[in-house]
Amino acid sequence: MQVDYSTLARRYGTPLYVYDLDAVSQKYRELKEAFAGHKSLISYAVKANSNLSIIAHLAREGAGADCVSIGEIRRALTAGVDRYKIVFSGVGKRDDEIERALQEGILLINLESEAEMGRVEAIAQRLGMQARISIRVNPNVDAQTHPYISTGLHENKFGVEIDTAKRMYIHAKNSEYLDPVGIHYHIGSQLTDLAPIREATHIVADLVRSLHAIDVEIRFFDVGGGLGVVYQNESPIDVEAYAEMILEAVRGMDMTIMMEPGRFLTANAGILLTRVLYEKRNGDKRFVIVDAAMNDLMRPTLYQAYHGLLYLGDSAGKATPADVVGPVCESGDWLAKDRLLPPTRPNDLLVVQNAGAYGFTMASNYNTRGRAAEVALEGGHARLIRDRENFDDQIRLEKAYLLDEKG
Ligand code: LLP
């Protein structure tokens, strides 16, 4: 879609997140269609981009939600996601979160330890209910991704070993208060190699076969999220091949395939729009200082992640390497390093590409910077879907009693 970024920047200010909802739909449909002819449920990993409008848009497409806190569950319900399509995952759930999730009647609570199963069972008993559960299996497979977003090895805190999972399923099957209906694995994020996912899928499918043999009726086979996207020159996993591999692994078993993609659906559909403040040089080093910073987009400094840049100014000068940095007081405050950019002028616009996932959701108020506004485009129309945070928004929850005492 042709987007007039300068109009958006003028109308809504910068830094500004802009999401293309049509592109989100396209990704959703691509994945859904790859599983055509088989029961499937795409539960969007809300953590990737939890703006209510994004969740609501995906809910209208038919998506469920993969949530890791009661806050995310409430977002999903508020956005109109069907409660029977909501999964509650995460290694550490508080009692009040478990209780609320059970009362809301969501599809599944995904357990990540025996201790957690004990808690869920006790809470379900107190409420006089049966909790539908799945268990997150850690298949001990190296996902070959950045160590911070790799989750499928025993050294990672996620899930339980196969033997523990078996024990848990047997316990759950015999419990009045637990209904073990699902199995789950997720070995990491930004995966670009099918081989480790295949290995994990077969390990988990074999486990399901042995569970079916002892009458543990697993009906939901949740393959997690993790499908990688192109930021620079990655070759992403072919979605058809992905679907085929999974369907092959579970052949002969009557299960709904669940998926929890986050990045796949939203990353390439979003950008961060920023303005140049000015340039400076320190010795040989050239810096382009912009009004977006690490508090708006953490990925570069946290994961050394690459985000493409588009320069939208009209400078015709010779492009030379520059670091694009923000105003935050940290050397780690950078959005891009050593990129070829022409001499820029104040107010020139830059687009930071592929920022629709783990962009706004990881933003903070560091340096008392208000979080960016968010805009959604649909059929060429722009709508503001989150106001820019102002100073009052930021201090609203603080108690100013020391000030009062003085006054
Ligand atoms: N399911 C589970 C259990 C997860 O832990 C995650 C992501 C997902 C699904 C969605 O994964 P996706 O499809 O988006 O790869 N902040 C990092 C990514 C952290 C991913 C955390 N878990 C980043 O910016 O790269």
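This is a predicted model: local features need pLDDT of at least 70, side-chain atom pairs count only at pLDDT 80 or more; totals for chains, interfaces and linings use all residues.

Trainee: At what angle do α6 and α7 pack?

Mentor: Helices are DSSP runs of H or I with at least four residues, and strands are runs of E with at least two, numbered from the N terminus. Axes are lines fitted to C-alpha atoms, for helices over the stretch in contact, and angles run from 0 to 180 degrees between N-to-C directions. Here α6 (residues 114-127) and α7 (residues 162-174) pack at about 15°, with axes 11 Å apart. Angles under 35 degrees count as roughly parallel, over 145 as roughly antiparallel, 65 to 115 as roughly perpendicular and the rest as oblique. α6 and α7 are therefore roughly parallel to each other.

Trainee: Which residues of α6 and α7 meet?

Mentor: Contact means heavy atoms within 4.5 Å. Glu114, Met117 and Glu121 of α6 meet Thr164, Arg167, Met168, His171 and Ala172 of α7. By class, this contact of α6 with α7 has 3 nonpolar, 2 polar and 3 charged residues. Nonpolar covers Ala, Val, Leu, Ile, Met, Phe, Trp, Tyr, Cys and Pro; charged covers Asp, Glu, Lys and Arg; the others, Gly among them, are polar.

Trainee: How do α2 and α3 cross?

Mentor: The axes of α2 and α3 (residues 52-61) come within 10 Å and cross at roughly 40°. That makes α2 oblique to α3. Leu21, Val24, Ser25, Tyr28 and Arg29 of α2 make the contact with Ile54, His57, Leu58 and Glu61 of α3. The classes in the contact of α2 with α3 are 5 nonpolar, 2 polar and 2 charged.

Trainee: Which residues does α2 use to meet α9?

Mentor: Glu30, Leu31 and Ala34 of α2 meet Val239, Glu240, Tyr242 and Ala243 of α9. The contact of α2 with α9 comprises 5 nonpolar, no polar and 2 charged residues.

Trainee: Where is the cis peptide bond?

Mentor: A cis peptide bond joins Thr14 and Pro15, with omega about -5°. Pro15 lies in the loop between α1 (5-12) and β1 (16-20). As for phi, Asn140 has a positive value of about 55° although it is not a glycine. Asn140 sits in the loop between β6 (131-136) and α7.

Trainee: Which residues lie nearest the centre of the largest pocket?

Mentor: Rolling a probe the size of a water molecule over the atoms shows where empty space is left. Of the 29 residues lining the largest pocket, Lys47, Thr151, Phe158, His186 and Tyr358 lie nearest its centre. On a 1 Å grid over the protein atoms alone, probed at 1.4 Å, a pocket is an open set of points with protein on both sides within 12 Å along at least five of seven lines; lining residues have an atom within 4 Å of a point. The lining divides into 9 nonpolar, 12 polar and 8 charged residues.

Terms used
Residues are numbered from 1 along each chain as its sequence is written. Side-chain values use heavy atoms; hydrogens and water are left out.
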